[in-house]
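Below is a structure, followed by some questions on the terms used to describe it.

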Amino acid sequence: MSVSQLYKHQQLDLSDDEAIRMYKVMNLAQKYDERAFMLQRAGKIPFHVSGMGQYAGQVGMAFAMQAQKDYFLPYYRDYAFVLAVGMTVKDLMLAVFCKAEDVNSGGRQMAGHFGDKKNHIVTGSSPVTTQVPHAAGIALAAKMKKQDFATFVSFGEGSSNQGDFHEGCNFAGVHKLPVIFVCENNQYAISVPLHKQMAGKISDRALGYGFPGVQVDGSDVLEMYRVTKEARERAVRGEGPTLIEMVSYRLMPHSTSDDDMLYRTKEEVEQNRQKDGILKFKEYLMECGLWSDEQDRELQELQKQEINEATKYADLAPYPKPEDTLLHVYAEGDGN
């Protein structure tokens, strides 16, 4: 069989099983997201930030990285990404319920501030984009130690206007660091549409810092995989950073504290919902003969059960003890 006769995932050296697993991960992230939104509306959890509309691109990027080798500094909508590199639905549920077993912060940070030492996920802070210079610093350590891992950092298009983004890119460009900058451009920074945030393409900003920038359709999981894989290979070869602009659409309000109907229409959202990458990839797998409606029904039921079990576990898990509020916040001992 010639290369031209292969399906796209096969041309990219992805096995059929890997393509199916991509679909399963983005579905699971969507189901978690839907449940978390319902839990907040029911008063069971305090707050939720949705990532719906961005999961295909996140999964494509995650599969192009090397789990437990590369370092990841995701932003607060990256549920599918962190699931793909090793976190579990139970981890996500414990975080959103603010429970003591939460691997991110012991229930003391806002959910979405991912942090998991085992899976090389570096926690971020509430001020947006502060993770970008941190990613450049980790990449500098890789270069100084001559280690062949890459650093991945993501952020929204609104926060790409922050100084931290430009400082991180400039430093990484000067030192040719092995870091991949990813702007998940979902068209809205809270309630501000893209055309009121900036002129031109975000990916073009890379030119000012001396490295490539590329704009990619975030609903195309395989194209996101291809571009990220090339960026990673370039990084570990010592050729420096890449800026990827993942163009997607935020299907839900900015957060559960937001009324998005104040600044966009239901018709706009519904039109973009029909273009969601999860639906597109399901159709692709069916065209390849790898997936069926019956398999899909079985998957939905299995993942619903997984979500139910994680929800029940997190709901019953203990909260942090008051006396542990400052645990790991300040250094302990006399400093000797």
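Predicted model: local features only at pLDDT ≥ 70, side-chain atom pairs only at ≥ 80, totals over all residues.

Residues are numbered from 1 along each chain as its sequence is written, and side-chain values use heavy atoms, without hydrogens and water.

Q: Why are α2 and α11 called oblique to each other?
A: The axes of α2 (residues 16-41) and α11 (residues 293-316) cross at roughly 45° and come within 10 Å. Angles under 35 degrees count as roughly parallel, over 145 as roughly antiparallel, 65 to 115 as roughly perpendicular and the rest as oblique. The two helices are therefore oblique.

Q: Which residues of α2 and α11 make the contact?
A: With contact meaning heavy atoms within 4.5 Å, α2 contributes residues including Y23, N27 and R35, and α11 residues including D296, Q300 and T311.

Q: What makes up the contact of α2 with α11 by class?
A: Six residues are nonpolar, five polar and six charged. Ala, Val, Leu, Ile, Met, Phe, Trp, Tyr, Cys and Pro count as nonpolar, Asp, Glu, Lys and Arg as charged, and the others, Gly among them, as polar.

Q: Which helix gives the most to the lining of the second largest pocket?
A: α2 does, with four residues. A pocket is an open set of points on a 1 Å grid with protein on both sides within 12 Å along at least five of seven lines, and lining residues have an atom within 4 Å of a point. Y23, N27 and Q300 are among the residues that line this pocket.

Definitions and conventions. Axes fitted to C-alpha atoms, helices over the stretch in contact; angles between N-to-C directions. 1 Å grid on protein atoms, 1.4 Å probe; cavity = no way out; pocket = protein on both sides within 12 Å on 5 of 7 lines; lining within 4 Å.
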